[in-house]
Amino acid sequence: MTSVIERLRGDGPKFSIEFFPPRDPADEAVLWKAIRELEPYDPAYMSITYGAGGSSRDGTIRSIARVATETTLVPMAHLTAVNHSVAELRNVIGWYASVGVRNILALRGDPPGDVYGEWIPHPEGLTYAEELVQLVRSLGDFCVGVSAYTYGHPRSPDLESDTKYLVRKLRAGADFAIAQLFHDAEDFLRLRDRVAATGCEVPVLPGVMPLTTMRTLQTTIRLSGAPAPRKLLDRLEPLADDPKAFRAAGIDVITELCEKLIAEGVPNLHFYTFNRSKATREVIARLGLVPARA
């Protein structure tokens, strides 16, 4: 199984895609339609999220297993420590290995129901993401990623502390990090530079979501943990009652953001797809990232 870090090597920028696990057969059909539509575009890797406390664990494992055995894509599975004992985590990691998945995004995870709530570790579990990284590494030849926050984790007192803890995760054995959503390319680049200034050379990749509706804009603001800049709101909010115009402008905004990142040498753009493919395909086509055979 090819690793994520192997796929990131080489010339030119690449992109990756993220999905969430299906809740029912109808969701599964939507997911697989998007997967099949994006497969010919040869993303560097694809990932499927893992619900808080393992609430979507079975769907994640089933879907990742299908990707590993039925597609040409390089799969990465998410794993969180929320509500899991070490024994349960070992079992999940073993299940991933058994279906041929060797790329894992190791996340501590947020408190169920409230990202700002108090973190309460499982009595037989783990407390920090770096411990989960070490556990995954101890169980086999895995490529391991971690999360990063462009504006700092909600519970971090400041960016200096947040960078210190991110670098600890990276030095615990992570091969790369994926940054949560952000509003300006410069915001992400400052995160990348903060990590590099510590002497840590592990790549940090930007998470990007096409802005196709007011709802996606609101989701980006919520997940980023930072208010949107006035210039972005001035560009998009006047179009709130014109879905077609909003979508066109939103795609322009994200394409411009990605162009700035590529110009700064960012090796990979990680797209949150919400299990749809059209907007992502439009952006990567504009960026010239479509392989000749697609």
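Visitor: Which strands does helix 4 lie across?
Guide: In this predicted model, helix 4, residues 86–98, lies across strand 3 and strand 4. Its direction is at about 175° to strand 3.

Visitor: And how do strand 3 and strand 4 pair?
Guide: They pair in the parallel sense, over four bridges. Strand 3 covers residues 75–80 and strand 4 covers 103–107.

Visitor: What holds paired strands together in general?
Guide: Strands of a sheet pair through backbone hydrogen bonds, either parallel or antiparallel.

Visitor: OK, what do the eight strands make?
Guide: A closed barrel, running 1-2-3-4-5-6-7-8 with parallel pairing. From one strand to the next, the twist averages 30°.

Visitor: What about helix 2, where does that lie?
Guide: Helix 2 (residues 25–38) lies across strand 1 (14–19) and strand 2 (46–48). It runs at about 170° to strand 1.

Visitor: Switching topic: what's the volume of the second largest pocket?
Guide: About 320 Å³. It is lined by 20 residues, and the closest to its centre are H183, D184, L232, V253 and L257.

Visitor: Which element gives the largest share of that lining?
Guide: Helix 10, with five residues. Strand 7 (204–208), helix 8 (214–224), helix 9 (230–236) and helix 10 (243–263) each supply at least two.

Visitor: How many of the lining residues are nonpolar, and how many charged?
Guide: There are 12 nonpolar and five charged residues, plus three polar ones.

Key
Residues numbered from 1 in each chain as written. Predicted model: local features only at pLDDT ≥ 70, side-chain atom pairs only at ≥ 80, totals over all residues. Heavy atoms only, no water. 1 Å grid on protein atoms, 1.4 Å probe; cavity = no way out; pocket = protein on both sides within 12 Å on 5 of 7 lines; lining within 4 Å. Points joined across faces, edges and corners; volume = space filled by probe spheres on them. Nonpolar A, V, L, I, M, F, W, Y, C, P; charged D, E, K, R; others polar. Pairing = 2+ DSSP bridges. Axes fitted to C-alpha atoms, helices over the stretch in contact; angles between N-to-C directions. Contact = heavy atoms within 4.5 Å.
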